[in-house]
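Here is a friendly walk through the model you are about to see. Please keep the viewer open while you read.

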Amino acid sequence: MKKILLLLLTSLTLLSSCGGGSESPSESFESIDESDSVSEEIPSMAIQTFTGGFVVNEDEVVTTQTNNLSLITNREFVNGTLKMSVLNNGYYSAGIIFKAEAYPSSYYYLNISSNNGNQMSLIKNVNGNDTVLKSCYITAGYNAKAPVNLKIIFNNGDIKCFFEDKLYIYVKDDSPLNGDRFGFRSHNKDTIFTNIEFNEDITFNTVDTLIIGHSYMELWANYKSDLSRYSDIYNIGIGGTVASDWVGHYEEIVAYHPNRLIYMIGI
């Protein structure tokens, strides 16, 4: 797995709005000094800013304004696994851009927000028009002032989105986007993106026994020892959920191919 060290930030003036226009902003990257790279396996990365502002602090990307969007221009993400940690630092949405065109008139946007309840959404933006492919409630324990881990597995329109290694959103897009860039988007100032990793692995591990339900399940930390007779078991409980939330998670539950469900809700 490649872990990316952020060494270069290039801010470019946006020549037209993110959602419209056909001309790409001109690029003006500075030369990259690789002498400070930790190893040959940790490449430097160039960033192109379209709206807002970003700075790089060692291996972190931090927004300096509101309404920010940038793409990594010298790395490609076609099919595989992409993940990073996001510290939202605000109520409005922040998250990962992926499968974007070099000039971002089309892209997917996986975001988290606590503006209208704790939510995770997968949005498809085409020519400036957002379509919510799926949205769901995230844990009552979500804190916008603490970093969380987001992950995407993309395979030709088969999209799996994870919050803290739990599959929260599973969508099959019959008309997948063909871009190969990924990057960052945030409404908030001081959002921090770090621990950025990607590879070509599309593996998703299924389980024999799956635990689902509300906070009693999510906080069941010793479930493996309590249920030691089940060797292949995983807990995807989400604090604060109700029964209707889990009806909405039907596709995600089935994706794990469990033979057995342990379920608790409604207390």
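Let's start with two parallel strands: β17, at residues 209–213, pairs with β19 over five bridges in the parallel sense. Strands here are DSSP E runs of at least two residues, numbered from the N terminus, and two of them pair if DSSP finds at least two bridges between them. This is a predicted model, in which local features need pLDDT of at least 70 and side-chain atom pairs count only at pLDDT 80 or more, while totals for chains, interfaces and linings use all residues. Residues are numbered from 1 along each chain as its sequence is written, and side-chain values use heavy atoms, with hydrogens and water left out.

**The β10–β11 hairpin**

- Strand β10 (residues 119–126) pairs with strand β11 (residues 129–137) over eight bridges, in the antiparallel sense.
- Two residues separate β10 and β11 in this hairpin, and Asn127 in the turn has a positive phi of about 55°.
- Met120 has Cys136 in β11 as its bridge partner.

**Cysteines**

- How many disulfides are there? The count is zero, taking a disulfide as a pair of cysteine sulfur atoms within 2.5 Å.
- Cys136 is in no disulfide, and the nearest cysteine sulfur, that of Cys161, is 9.0 Å away.
- Seen from Cys161, the closest cysteine sulfur is in Cys136, and because the gap is 9.0 Å, it is too far for a bond.
- Cys136 counts as buried because its relative accessibility is 8%; the cut-offs are under 20% relative accessible area for buried and over 50% for exposed, with partly exposed in between (1.4 Å probe, protein chains only).
- Cys161 is also buried, at 0% relative accessibility.

**Nonpolar cores**

- The largest nonpolar core has 51 residues, and Phe98, Met120, Leu122, Phe163 and Phe184 have the most contacts inside it.
- Such a core is a set of buried Ala, Val, Leu, Ile, Met, Phe, Trp, Tyr and Cys residues joined through side-chain atoms within 4.5 Å.
- Another core lies apart from the largest one and has nine residues, among them Ala100, Tyr107, Tyr109 and Ile123.
- In soluble globular proteins, nonpolar side chains tend to be buried together.

**A closer look at Tyr109**

- Tyr109 sits in strand β9 (residues 106–113) and is buried, with a relative accessible area of 1%.
- Eleven residues separate Tyr109 from Phe98 in sequence, and their C-alpha atoms are 6.6 Å apart.
- The Tyr109 side chain makes a polar contact of 3.1 Å with the side chain of Ser93. A polar contact is a pair of N or O atoms within 3.5 Å; within protein, one must be able to donate a hydrogen and the other to accept it, and residues adjacent in sequence count only if both atoms are side-chain atoms.

**A closer look at Thr81**

- Thr81 belongs to strand β7 (residues 80–87) and counts as buried at 8% relative accessibility.
- The side chain of Thr81 reaches the backbone oxygen of Asp201 at 2.6 Å.

Technical notes:
Helix = DSSP H or I, 4+ residues; strand = E, 2+ residues; numbered from the N terminus.
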